[in-house]
Amino acid sequence: MVLPLIAGEPGLPPTRPFHLGFTRWPADLTAEGVQQAQDFAHAHGDIVSVMFIGGIPWPEALDGKPFSRDVTANLGYRPPAGTKVFLSISPLDRDRKNLAPYWGEKDNQPLPAPWGSRALNSPEVRQAFLYFVTRAVETMKPDYLAIGIESNVLLSHSREKWNQLKELHRATYAALKARHPALPVCFTTEVLHYKKLASDARGSEQEGEVAELMQQSDLFALSVYPHMSYDVPRPIPAGFLDFATKFGKPVAVAESGMTSRDVELKAFGLTLRGSEADQQQFTELLLRVAARDRYAFVINFATTDFERLCAKLPPPVDDLARIWAYTGLQTSESKPKPALVVWDAWLKTPYRKGAP
């Protein structure tokens, strides 16, 4: 279905049903790089995605002790007036294979004993995770909450740990909904693994398992980066995201991005293909589908290309980060890309829940 041309912005409906936004992922590991990304997110969106992906303060949360200065500072973020907040907290590590690392004076720290040996569904992990998420919700008062980030990727690696994660998710979901019944709570689903376009996922039971866990989710929140798989055709097919409505839940895009140039990943011996035209086409398609299917919100992960940040990381982490380095809607020199024109046209369209 193609939306009809109408008066106003060329080719756009009079209103949009979804919020548009970004994370505050920095353009560089400097105060200026942090500010550049945050300013862009505030100027070009009406929702901000806050993602805690570098760990959990496990022992402090379990014992009810004060969090570190870094944790407290991150919980203190507030968006501009009138801007929504989508908060995502992951109990898993960066690779979606094990328990999230320790967040102390800084994030991504080794787990202190005995946390490294605790199962995802252990009483200690369940209690600590619920306490931290509850504290985050009560402090930040988000409009939407994810208690798992790309959770289905774990299923591609370990069925045993996936079963543990399901138990953790269900317990956390039930407790949160009892305390905050009006808050939409979900987990996010990585689309390439779900569609088995990622090689790791090909032996997993993605569709059935995700559908089962969706019983404890108020949204179907997806994460999609089409350039990460050679099996995704170019241009992106019109029906690529049509499956998202089959769960009978409101749909949201928790993360998205398309590289605007080819990226050579020497550590992995491959090159990811992309161009500004590819990025523009994906952005147009994504927002058209979001309007047609009345998504709740759409998040583009990066505001700004962050190749300067990648250059400061050690190998092979630098190449891992380069996968997303050119998915921003502006260059590192703050030059707008063609996809930003599309994005801003939709942003100027008045928001109305339930439109069109």
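Which residues line the largest cavity?

## The largest cavity

This is a predicted model. The largest cavity is lined by P91, F129, I147, G148, S151, L165, L168, H169, F187 and L213. Helix 6, residues 159-179, supplies the largest share of this lining, with three residues. Sorted by class, the lining has seven nonpolar residues, three polar residues and no charged ones.

The space in the largest cavity is about 40 Å³. A search of the whole structure finds one cavity of 30 Å³ or more.

T259 sits in the loop between strand 8 (251-256) and strand 9 (263-265). Is T259 buried or exposed? T259 counts as buried because its relative accessibility is 0%, and the cut-off for buried is under 20%.

A polar atom of the T259 side chain lies 2.8 Å from the backbone oxygen of R261. Leaving aside residues up to four places away in sequence, T259 touches H227, R273, G274, S275, Q279, Y326 and T327.

Side chains of opposite charge can pair when their charged atoms come close. The structure holds 23 salt bridges. One of them joins D28 and K312, with the closest N and O atoms 3.1 Å apart. This pair links distant parts of the chain, 284 residues apart. D28 is in the loop between strand 1 (19-23) and helix 1 (31-43), and K312 is in the loop between helix 10 (307-310) and helix 11 (317-322). D28 is buried, with a relative accessible area of 11%, whereas K312 is partly exposed, at 46%.

A salt bridge also forms between the side chains of D242 and R292, at 2.8 Å from N to O. Here too the pair links distant parts of the chain, 50 residues apart: D242 lies in the loop between strand 7 (220-224) and strand 8, and R292 lies in helix 9 (residues 276-292). D242 counts as partly exposed because its relative accessibility is 36%.

R292 takes part in another salt bridge, with D293, where the closest N and O atoms are 2.9 Å apart. At 22% relative accessibility, R292 counts as partly exposed. D293 is partly exposed, with a relative accessible area of 22%.

Which residues do salt bridges that share partners join into one network? The network consists of R159, K166, R170, E205, E209 and E212.

Terms used:
Residues are numbered from 1 along each chain as its sequence is written. This is a predicted model: local features need pLDDT of at least 70, side-chain atom pairs count only at pLDDT 80 or more; totals for chains, interfaces and linings use all residues. Side-chain values use heavy atoms; hydrogens and water are left out. Helices (H or I, at least four residues) and strands (E, at least two) are DSSP runs, numbered from the N terminus. Buried means under 20% relative accessible area, exposed over 50%, partly exposed in between (1.4 Å probe, protein chains only). A polar contact is a pair of N or O atoms within 3.5 Å; within protein, one must be able to donate a hydrogen and the other to accept it, and residues adjacent in sequence count only if both atoms are side-chain atoms. Contact means heavy atoms within 4.5 Å. On a 1 Å grid over the protein atoms alone, a cavity is a set of points where a 1.4 Å probe fits but cannot get out, and a pocket is an open set with protein on both sides within 12 Å along at least five of seven lines; lining residues have an atom within 4 Å of a point. Grid points are joined across faces, edges and corners, and a volume is the space filled by probe spheres set on the points. Ala, Val, Leu, Ile, Met, Phe, Trp, Tyr, Cys and Pro count as nonpolar, Asp, Glu, Lys and Arg as charged, and the others, Gly among them, as polar. A salt bridge is a side-chain nitrogen of Lys or Arg within 4 Å of a carboxyl oxygen of Asp or Glu.
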